[in-house]
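Thanks for coming, everyone. Let me put the model on the screen, and then we will walk through it.

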Amino acid sequence: MVEELDQEPANAAAMPVQRAAPAIDSGNAASIGSEALELLEWPRLAAHVAGFASTAAGIRHCQALPLATSCGESLRLLAETAELFALDGLLEGGLSFRGVADIGTCVRLCAKGGSPGGEALLSVANTLSAARLLRRQIEDEDLRPVCSALVADLRTLPELEQRLHFAIEEGGRVADRASAELAGLRQQLHGLRAERRQRMQELIRRWSALLQDLVVAQRSGRPVLAVKAGAAGQIGGLVHDSSASGSTVFVEPQAVIPLGNRIRELEGRERELEAAILRELSALVGAEAPALEHLQRILVRLDAGVARARYGAWLGAVRPELLDDPQASFALLDLRHPLLLWQQRREGGAPVVPVSLAVGPDLRVVAITGPNTGGKTVTLKSVGLAALMARAGLFLPCGGTPRLPWCGRVLADIGDEQSLQQNLSTFSGHIRRIARILAALSSSEDAAAAESAERPVRSVGASLVLLDEVGAGTDPTEGAALAAALLRHLAEKARLTIATTHFGELKALKYADPRFENASVAFDVETLSPTYRLQWGIPGRSNALAIARRLGLEETVVAAAARALEPGGEGDVNRVIEGLERQRQRQQEAAEEAAVLLARTELLHEELLQRWEQQRQQSAELQERRRQELEHSIREGQGEVRRIIRRLRQAGGDGRGAGETARLAGQRLKRLEAEHRPQPERREHGGWRPRVGDRVRLLALGKAAEVLAISEEGTELTVRCGVLRSTVELAAIEGLHGEKPTPPEPRQPVVNVRSRRSPGSRGPEVRTEGNTVDVRGLRVHEAEAAVEERLRVANGPVWVIHGIGTGKLKRGLRQWLESVPYVERVADADQGDGGPGCSVIWVK
């Protein structure tokens, strides 16, 4: 089976073709896939993606940008890109690969018994530490199942990391603590060097008159004095060097030579001890070579995934829907050429005009016609790159959700194959390349036959063929006939063929075969310039006569050319095309008018709603004001009645009947007050609360989102809007039909009887649900991540419930907490709070 689109050498030589009976061998069939990558400028796009990688190994991987060999692998790559895209956007500063190094060479050397330097071994330790942090950030089976599975079996070897960090200091120097013998030896060296410096200073003071300079110099690693040439005999010692003029000699005094010899001896012993320690550490690294190599591969894959995600975010791209069905439809809305986008944003190029492509399952060939420099070739390359990008796990710079089948073969004939060296004309070069394309398509049928025979073959998927100026470079009549026959043949062999042409005969294929469709690039006759917009369903017409007339060619010549167009020939076709274009223009104008009318209607509707709301508020305010006035009058009447009752009671018995009447009147006023008192407005919720999996509307964005998770308190939700995942408050959402969520019932915190402050704490020692973390059932690194997340926002002690069990989880947490710089102390909780099964952490 031929690997057409694998990364093969671009300079793969083609076998010479015999003139008599050209034969297409397997080597040529294999090279056509790599040749298509070059024609579509895939290496240039890969270099752009590599610019977003963080590590040297990741950059190399992205520069190659390998293509998946099956649809399942492409879907996994797209899932990795989507998950890392969301995570990288949520983390401040994004995912960091700081500390990750290319340890492959070091690990292989250690596995063979070699001993790299201390700096290389230290890079292994730093990579292990960085990998552990990345695993904590990535691992979440609910939110990131694909990436979590990728890092699930990742071994970060904490014991090896600690041993390397213990034995090697920054810069790769073997630390004194690595060996007691080494520490003692270095201490002895330090004392000897200090003694030698002291003696040298004494000699400088004694012989200052004989010296050219009062500074101790170094020659061959030995301390020397700059002595005047005439005084060298007065100072006993060993001459190491002299100045260029000969006026100064550099002498190592005899008094320090024994010390220097002893220091040299100890330095040699020091190097031997350091080499022994490095060999021991190298052996430890070599013993873990399989795990380290697997870790290196996973880190490279994660770095490449983040690079793909950041490249997609920079492009403003969206995740495509990739279908494992060779007959599936193509739906690419507002597709923009990624290399032109790069040129526009990085190099100040012209704005990119998007193209849209909609190909049904029964459509096989699309013929694009139109003037030169109108954007036909850009359309071919855009579609070809879109198929390759989806296969490589990249998002597409499209609008909406692009849909396309998995294309195992993307074959192209773009550009001029003329070669003086090989005695090839333009036409011959195109025919040779098309012959290799047909041979590659034939190998697809052989693969299908092999699969039916139960032989292991790679999935071929759909075939996409891109032909530029098919049939050009020869007699127009023969070229058109050959192009028509070729496109009919490709309709049987390939899932989709897109061809650009100037032949009018190819425009009529659509009306004889439903598998064909026409498209054209628009041209503005008034300005004599292309618009670069793809018109679907309308073939391009010849604009030669219009352009000639606009450029000032004599009218008699243009008129004669127009008369020469025979009825029923190209002239009639152009008139039909011109009528279709006018009809399309009228439909577009009508659609734009309808869109404007719809926008005005929506504005009017919004204005009516606002006025109705204002009137409702004004009516409620007026009613409230009237009620208040009535209540005020009733209170005044009640006060007057109470005064009358008081006076009648003071007057005696004759006023008893009148007093009773006044009392009854007062009760009547109270009843009136109760009847007319405004009832407090009660806002009752409909009892609706979102659940996981529901679709809700984000009030801030006005867009629908899916509920992924709900906090324990019920006040926060994790939602996904498109590829964006975020956490929002309950009040920030509503139902798709306008339902307002019911707020959860407030929970009473579980409070201990004590409320005291510990030294250095910033909050009371009160155990609540907010400062308690339950890590029972978790692994140590999972528990570390949960506790670290709670400690970041803690303003007081934090209770961690880990249970008793075997004690492994508790010991692992305690060991890790000892290395956390902002943790002040850790102790068992009181018996009422769990005792040994619960730890209390005080932060600084």
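Is Cys721 buried or exposed? Cys721 is buried, at a relative accessible area of 16%. Buried means under 20% relative accessible area, exposed means over 50%, and partly exposed is in between, with a 1.4 Å probe and protein chains only. Cys838 is buried too, with a relative accessible area of 1%.

Some ground rules. This is a predicted model: local features need pLDDT of at least 70, side-chain atom pairs count only at pLDDT 80 or more, and totals for chains, interfaces and linings use all residues. Residues are numbered from 1 along each chain as its sequence is written, and side-chain values use heavy atoms, leaving out hydrogens and water.

Now disulfides. Take a disulfide as a pair of cysteine sulfur atoms within 2.5 Å. By this rule the count is zero.

Next, the overall picture. The protein has 22 helices and 23 strands. These are DSSP runs, numbered from the N terminus: helices are H or I with at least four residues, strands are E with at least two. Of the 844 residues, 42% are buried. The accessible surface is about 45,300 Å², and carbon and sulfur atoms hold 51% of that. Those areas come from the Shrake-Rupley method with a 1.4 Å probe; for residues, only the protein chains shown count as cover.

On to the cores. A nonpolar core is a set of buried Ala, Val, Leu, Ile, Met, Phe, Trp, Tyr and Cys residues joined through side-chain atoms within 4.5 Å. The largest one has 63 residues. Which of them touch the most other members? Trp42, Leu45, Tyr311 and Ile498 do. Helix H13, residues 376–391, gives the most to this core, with eight residues. Apart from it lies another core of 49 residues, including Leu122 and Leu281.

Look at Tyr311. Leaving out residues up to four places away in sequence, Tyr311 touches Leu45, His48, Val49, Phe52, Pro338, Trp342, Met389 and Leu394. Contact here means heavy atoms within 4.5 Å.

Now Ser123, in helix H6, residues 118–138. Ser123 is buried, at 19% relative accessible area.

Compare Pro258, in helix H10, residues 257–287. Pro258 counts as exposed, at 51% relative accessibility.

Next, strand E2, residues 222–228. Six of its seven residues are buried. Which strands does E2 join? Strand E1, residues 217–219, is antiparallel to E2, with three bridges. Strand E4, residues 248–253, is also antiparallel to E2, with four bridges. Two strands pair if DSSP finds at least two bridges between them. Val227 stands opposite Val249 in E4. E1 and E2 form a hairpin with two residues between them, and Ser220 in the turn has a positive phi of about 55°.

Last stop, an open sheet. Four strands run in the order E20-E21-E23-E22, with mixed pairing. Strand E20 (772–774) and strand E22 (823–828) are the edges, each pairing on one side only. The twist averages 20° from one strand to the next. Helix H22, residues 808–818, packs on this sheet and touches E21, E22 and strand E23 (838–843). The direction of H22 makes about 155° with that of E22. Axes are lines fitted to C-alpha atoms, for helices over the stretch in contact, and angles run from 0 to 180 degrees between N-to-C directions.
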